Amino acid sequence: MRRQESIFAGIDWVTVILYLILVLIGWVNIYAAVYNEEHQSILDTSQRYGKQLIWIGLSLFVAFIIMIIDGKFYSTFAIPIYVVLLLVLVVVLVTARDVSGARSWIDIGSFKLQPSEFAKSTTALALAYYLSTLNIRMEDLSTKLVAAIILIIPAALILLQNDTGSALVFGSFALVMYREGLSGNFLLFGLAMAVIFIFSLLFTPLIMLYILGTIGVLVFFFQRKKTWRLAFSIGAALIVLMGMVYSVDYVFNEVLEPHQQVRIDVLLGKKDDLKGAGYNVNQSKIAIGSGGFAGKGFLKGTQTKYDFVPEQTTDFIFCTVGEEWGFLGAFLVIALFSALILRIVFVSERQKSSFARIYGYCVASVLLFHFIINVGMTIGLMPVIGIPLPFFSYGGSSLLGFTILLFIFVKLDGYRLQQLR
Amino acid sequence: MAYQPKHTERMYVMMGIVILVAITFLGRLFYIQVIDESYRLSADNNVLRYQVEFPARGLIYDRNGELLVFNEAAYDLMVTPRQAINIDTAEMCQILGMSREVFIQKLDEARAYSSRKPTVFQKQISGVTYAKLQEKLYRMSGFFVQKRTLRKYPQPIAGHLLGYVGEANQSILEHNSYYKKGDYVGISGLEKSYEEELRGKKGVRVIMVDVFNREKGRYKEGKYDTVAVAGKTVTSTLDAELQAYGERLMKNKTGAIVAIEPATGEILALISAPTYDPNLLVGRVRSQNYSILLKDTLKPLFNRALMSEQNPPGSTFKVLNALIGQQVGVLNVNTQYRCPRGYVSGRFRMGCHDHRSPLNLRESIQHSCNAYYGNVFRNIIDHTGKPWEGYEIWRNHVLSFGLGIKFNTDLPMEYAGSVPTTKFYDKYYGEHRWKSLTIISMAIGQGELGTTPLQLANMTAAIANRGYYYPPHLVKAIDGEAISNRFTEKQMTTINREYFDPVVDGMAMVFQQGGTGYRSRLDSLEMCGKTGTAQNPHGEDHSIFICFAPKDNPQIALAVFVENGGGGSKYGAPIASLMVEKYLRDTISRVEFEKVILDADLITNPPKKKETH
């Protein structure tokens, strides 16, 4: 029998304290965003900050439960947990009602949960379990295929729920696979695809042909050996790339929904639609930009308080930070997030078990993805993709999901030391 | 069983991405939060609304406390296009009496200016329309009624002087940040000269609104709010009764009357005929009426009293030559000249009319003898031996009476007239290739001289004062406090006090038997005057008369100018004498005499060309 205090014995307090600070700051900003004179009690559960307080309590309780469960549980039951959540996703897809276009909610009594928020943890567990199996090498094609399938199934189910943002999150696991030996060329290829995607949207296929053709000719002339073989390869690459350009055109025009097309157009600066799709981003930038260096002060933010910024407690919570606390506040929040992610990477690397390390990288990648997309979108660097800012955004499923994601890792890290004893 | 990690170094790639992202975000945040100021403005535009409170424009009174200009409430229908959604257009059009197309066009125009800021949708809606609208307005989101004031004139007089108020135009908006689109500003007359005093100060309430434009309270507890300050009351120097009488006398004539209180330079009446009712240039009818007045061939908008500068002063100018002659020492009270029915020098002859001869200085004014002043003027110009020097001395004396210059007081659009320089003659005749005889017509106030009726009235005031004047001006007091500025600074003429007496005596004799103004005499009052005739190459001569009264301690000095009125004694003198009687006696004793003038219609029956004096 272990003693009770051993639950906290190997805990990485740096991670836990960063988590607690972020949750606290997040709550303060939710309070500020919905603050009005009539409801001043922080426990008023008719208001979002009151509800969020309940979710915070619940999350801390769940974190505690995670910590007392045996560390071996997570690797042992990784696959069953993964499968169960996939089933839940299917059930949601079949039964859920439409909530503003998305069918991702499940009612449990008076609570509403969004299972996709938990799919990130379960998929991370499954991926970590699979990749840490003996004799699995990332370099093998079969490994890549299986890993891809593990990611694609939940992503596809979530995509079918019409929650594109949450589905895209699964792309972030590419970073995990890169750490485990996936060739860097895959990431570069992905990056190149993204660049070509953007350029294809900006220019017509004919101009793209000129651009790519010029690059090809330049590459050819800067090579020492100008062989027929080289010329042939470049020609082939050109044909493939042009095929891509046309397929991007096709995907953009035929596959993407009109509102998604507009969002991308706005981001690329092709459209300046301040009343429609550009409204959110413009108002968000105004709120943050008007904060100045030191901010307007707690509860003094006019843009967020008077509802100029839409979704200000959820996806656009960072606006309240930027407006009321200024550059200094935004600096602090960005520093805290970066510190947390770097800490997780650092802690992951000290793991003896590859399961814990891979899982740690999954946590870091998911947090990083959310951070980039969410903050990037509020300051106009990323398209408007509705995903929450971890620990900050209002919403029980999101807070609970990220807490579980993080605390399983905290538990795994603590378990490492327990094993040594 | 520990797995040997093979790619530990890749943790640095991961960490590098995190740090790169953090730096990118911080750079971007620094740019939009600290460097780029535009977001702060946009935020204010989102939240802050400036509700303007318009102060009441100041009232204008005449010198006796009679109201000349006051305000009347009017209502502008305003619209904030952004909020004007789900409007019952049909009902709105019905109330306003406009077609749907016009309604939509107006809304589009307002939107083109600004979709967030309120714009005038319909100016000065009637009281009836306002009453109908008021009941429905709560359902017409984005529309509201703003109370404005319109100027009203209890008497239809002094349109030229009072001026009018209109919406600030583009150029005013660009040059003066006080004015916003739709604000009213004084465009002409006193409304323009005293705009800053009359307009008062706009007040502003800064409020915060939410995204639905619902009021959310005052910005910073009203720290930036200001209270509207009503415009100041302006007391004009005008005598409304005299002004009205002058306008009556000038009816159906073109010309001007300017009456000045010599002791102060205060303008008692300033009439330009034909005139117009200032009420015509108010509110919605203004632009329509304005273009009618603008097209009128008699040019009612042209203020002849201040702007008619081409006409020579005629014989009224002889009094000035009499003064200058004494000052330079070529003339004294006993100097006599013969008049062989004209001034003769060699083969040159300048005609005169029939009167006894020879005449002394006083009589020369009474009879307006051309020969006398031909001699005087030549002596003045030639007294140094060099005509150009003599001319320059003469010219400086003339300028000291306010001729050839602008007074630059509070009068609207005044012209300078002309007293030619030696340079002008040097250029015209060749340097020093001219002599006194060349420019002899100026001896009798003809030739290249140009004077405005205002300048003649001021010259008369300077003579009445025996040597000085105050710049003629239109405002006495602001908010009950007498003005004290350069208008109240005494301007000395260059003529010594003692030289005025014989000239004034001569001007008094004008109203005596044999004088050119005898017909217009007043038995009960000693008046001083001088007739003048401005030669007019285009038609009948212009009738001019200058006059002041009483002879001792003068109360009023005036100049009358009647276009195509013939000799000065014909219309100028009677009108001047009636004005004096009106001002000093309040009732007109010479009813028949007055009737002739009131009935005279020089516009439909222009007189034929006759002899000149």
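Two strands count as paired if DSSP finds at least two bridges between them. Keep that in mind for the sheet in chain B. One caution before I start: this is a predicted model.

So, the sheet. Five strands of chain B form an open sheet, and the order is 12-11-21-20-19. The pairing is antiparallel. Which strands sit at the edges? Strand 12 (266-273) and strand 19 (528-534) of chain B do, each pairing on one side only. From one strand to the next, the twist averages 10°.

Look at one pairing in detail. Strand 11 (residues 255-261) and strand 21 (residues 556-562) of chain B run antiparallel to each other, with six bridges. If you want a pair to click on, take Ala256(B): its bridge partner in strand 21 of chain B is Phe561(B).

Now the helices on this sheet. Helix 18 (residues 453-464) of chain B packs on it. Helix 18 touches strand 11, strand 12, strand 20 (542-549) and strand 21 of chain B. The direction of helix 18 makes about 150° with that of strand 21 of chain B. Then there is helix 10 (residues 240-249) of chain B, which lies across strand 11, strand 12 and strand 21. Helix 10 runs at about 25° to strand 12 of chain B.

Next, the domains. Chain B is divided in two: domain 1 covers 49-71 + 146-236, and domain 2 covers 240-523 + 550-573. Their C-alpha centres lie 39 Å apart. How many residues are in contact across the boundary? On the domain 1 side of chain B there are 29, and on the domain 2 side there are 33.

The size of an interface is often given as the accessible area lost when the parts come together. Here, domain 1 and domain 2 of chain B bury about 2700 Å² between them. Carbon and sulfur atoms carry 59% of that. On the domain 1 side of chain B, the residues that lose the most area to domain 2 are Arg63(B), His160(B) and Leu161(B). Together those three make up 28% of what that side buries.

Arg63(B) comes up again. It forms a salt bridge with Glu261(B), and the closest N and O atoms are 3.3 Å apart. Between domain 1 and domain 2 of chain B, the count is two salt bridges. Over all chains, the whole structure has 26.

Arg466(B) forms a salt bridge with Asp552(B), at 3.8 Å between the closest N and O atoms. Why pick this pair? Arg466(B) lies in the loop between helix 18 and strand 15 (468-469) of chain B, and Asp552(B) in the loop between strand 20 and strand 21, so the pair ties together parts that are 86 residues apart in sequence. Buried or exposed? Arg466(B) counts as buried, at 11% relative accessibility. Asp552(B) counts as exposed, at 55%.

Lys386(B) and Glu389(B) also meet in a salt bridge, 3.8 Å from N to O. Lys386(B) is partly exposed at 39% relative accessible area, and Glu389(B) is partly exposed at 37%. Arg497(B) and Asp501(B) meet at 3.3 Å, N to O. Arg497(B) is partly exposed, at 45%. Asp501(B) counts as partly exposed too, at 34%. Over in chain A, salt bridges with shared partners join Asp12(A), Arg343(A), Arg350(A) and Asp413(A) into one network.

Now backbone geometry. Most residues other than glycine have a negative phi, and most peptide bonds are trans. Which bonds are cis in chain B? One joins Ala273(B) and Pro274(B), with omega about -5°. Pro274(B) is in the loop between strand 12 and helix 11 (286-295) of chain B. Another runs from Ala549(B) to Pro550(B), with omega near -15°. Pro550(B) is in the loop between strand 20 and strand 21 of chain B.

And positive phi? Arg341(B) has phi near 50°. Arg341(B) lies in the loop between helix 13 (318-327) and strand 13 (342-345) of chain B. His432(B) has phi of about 60°, and lies in the loop between helix 17 (422-429) and helix 18 of chain B.

Last stop, chain A. Ser284(A) is in helix 14 (residues 277-289). Ser284(A) counts as buried, at 0% relative accessibility. Beyond its neighbours within four places in sequence, Ser284(A) is in contact with Val309(A), Phe316(A), Cys319(A) and Thr378(A).

Note on methods:
Residues numbered from 1 in each chain as written. Chains lettered and ligands numbered in written order. Predicted model: local features only at pLDDT ≥ 70, side-chain atom pairs only at ≥ 80, totals over all residues. Heavy atoms only, no water. Helix = DSSP H or I, 4+ residues; strand = E, 2+ residues; numbered from the N terminus. Buried < 20%, exposed > 50% of the residue type's maximum accessible area, 1.4 Å probe, protein only. Contact = heavy atoms within 4.5 Å. Axes fitted to C-alpha atoms, helices over the stretch in contact; angles between N-to-C directions. Domains from an automatic or database assignment. Buried area = accessible area lost by both parts, 1.4 Å probe. Salt bridge = Lys/Arg side-chain N within 4 Å of Asp/Glu carboxyl O.
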